[in-house]
Amino acid sequence: MQSYRLNAHRALELVEGPTPTPGRGQVLVRVKATSLNSRDMVIASGLYPFPPLPNLIQLSDAAGVIEAVGPEAMRFRVGDRVVSSFNPTWFGGPVRKVGQMYGTDIDGWLSDYAVVDENVLVSMPEHLSFEEAATLPCAALTGWSAVAGAGPGDTVLVQGSGGVSLFALQFARAAGARVIATTSSEAKAERLLELGASDAVNYAETSHWGSVVRTLTDDRGVDIVVEVAGAATISQSVEALALHGTISLVGHLGGAGQGMDLMPLSLRFATLRAIGVGSRSDLEEMNRVVSQHRIRPVIDRVFPFSDAPRAFEHFAHGSRFGKILVSH
């Protein structure tokens, strides 16, 4: 068995080992694809707020096939196609405690095989490829949680063309909401419109894009903002927000910033909610909608397993539209 571990020098190191055997309540998964998230880049850079244990296999998101079933494992059979759950200890309801996480506390999925508790897995949507399904655990579920409650008559604002924003766009449109997107180029704007956005605002040309969004909504504002940049853009997000609107904070790609004036948020009577991906139950509910609406993830590029380090490099420094995958 081959797997990639993050060594002390913050580089991926390919190592060999025996194929593991599932124990009680466990299954052996032949990993077919994994996907990268911003969290993986932060871990690799050494800036993650919770220091990871040394020499762990990386990546939290995977899709694969059940190859063996251990004693008393009853949820899956050999041959079933499955997807990992991002948070392996959060099965449903409100989360009360953050448990062990892939890549920081326990081995992740960047490997030929993985032995895991059967309860950390869900069934794959049948219409998706393994590469497409590997995008679901983190980015898709974060986008799903971020637009929860959106429906006909609502307007949702998504920022950029990363995985979370594109999933949020598709889920909001499936729910019947209007979607306005921000982007940095005309080429990306065209693709966002093709995915269902009613309008695309170029933030590279218009730094005060919040007022542009208000104009597009006849000065009403949007009901939900999917905020991916954090402190760097949240003032414009508040400007774009309708009264009693919600900002779903899913990332801090713009950096920490120097603080935020809370008065504009108060004057909007707004809600600021931090999104922590979601539970296994949320993932299962989302997958039913993915299947019903035949939603297909947007994939930027797929790298072969032998070239996994280049996938990290492309994520960190390349121009992206959608998700980056590793095919196993």
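## Briefing: loops, cores and a pocket

The model is a predicted one, and every value given below was computed from it.

- Most residues other than glycine have a negative phi.
- Asp218, although it is not a glycine, has a positive phi of about 55°, and with a relative accessible area of 72% this residue is exposed.
- Glu72, which is not a glycine either, has a positive phi of about 70°; this residue is found in the loop between β4 and β5 (81-84).
- Because the cut-off for exposed is over 50% relative accessible area, Glu72 counts as exposed at 56%.

- Asp223 has its place in strand β11 (residues 222-227), and because buried means under 20% relative accessible area, Asp223 counts as buried at 15%.
- The side chain of Asp223 is joined to that of Arg220 by a polar contact of 2.9 Å.
- When neighbours within four places in sequence are left aside, Asp223 is in contact with Gly153, Asp154, Thr155, Leu241, Gly245 and Thr246.

- The largest nonpolar core has 48 residues, of which Leu136, Val147, Val156, Val158, Phe171, Val226 and Met286 touch the most other members.
- Among the elements that give two or more residues to this core are the helices α3, α4 (163-174) and α9 (280-292), together with the strands β4 (61-69), β8 (155-159) and β11.
- A second, separate core of 18 residues includes Leu12, Phe305, Ala311 and Ile324.
- Val147 touches Val156, Ala168, Phe171, Ala172, Ile224, Val226 and Arg273, if residues up to four places away in sequence are not counted.

**The second largest pocket**

- The second largest pocket holds about 350 Å³ of space, and of the 20 residues that line this pocket, Asp107, Gly108, Ala114, Val115 and Val116 lie nearest its centre.
- Strand β6 (residues 113-117) gives the most to the lining of this pocket, with 5 residues.
- By type, the lining residues divide into 12 nonpolar, 5 polar and 3 charged.

Conventions: Residues are numbered from 1 along each chain as its sequence is written. This is a predicted model: local features need pLDDT of at least 70, side-chain atom pairs count only at pLDDT 80 or more; totals for chains, interfaces and linings use all residues. Side-chain values use heavy atoms; hydrogens and water are left out. On a 1 Å grid over the protein atoms alone, a cavity is a set of points where a 1.4 Å probe fits but cannot get out, and a pocket is an open set with protein on both sides within 12 Å along at least five of seven lines; lining residues have an atom within 4 Å of a point. Grid points are joined across faces, edges and corners, and a volume is the space filled by probe spheres set on the points. Helices (H or I, at least four residues) and strands (E, at least two) are DSSP runs, numbered from the N terminus. Ala, Val, Leu, Ile, Met, Phe, Trp, Tyr, Cys and Pro count as nonpolar, Asp, Glu, Lys and Arg as charged, and the others, Gly among them, as polar. Buried means under 20% relative accessible area, exposed over 50%, partly exposed in between (1.4 Å probe, protein chains only). A polar contact is a pair of N or O atoms within 3.5 Å; within protein, one must be able to donate a hydrogen and the other to accept it, and residues adjacent in sequence count only if both atoms are side-chain atoms. Contact means heavy atoms within 4.5 Å. A nonpolar core is a set of buried Ala, Val, Leu, Ile, Met, Phe, Trp, Tyr and Cys residues joined through side-chain atoms within 4.5 Å.
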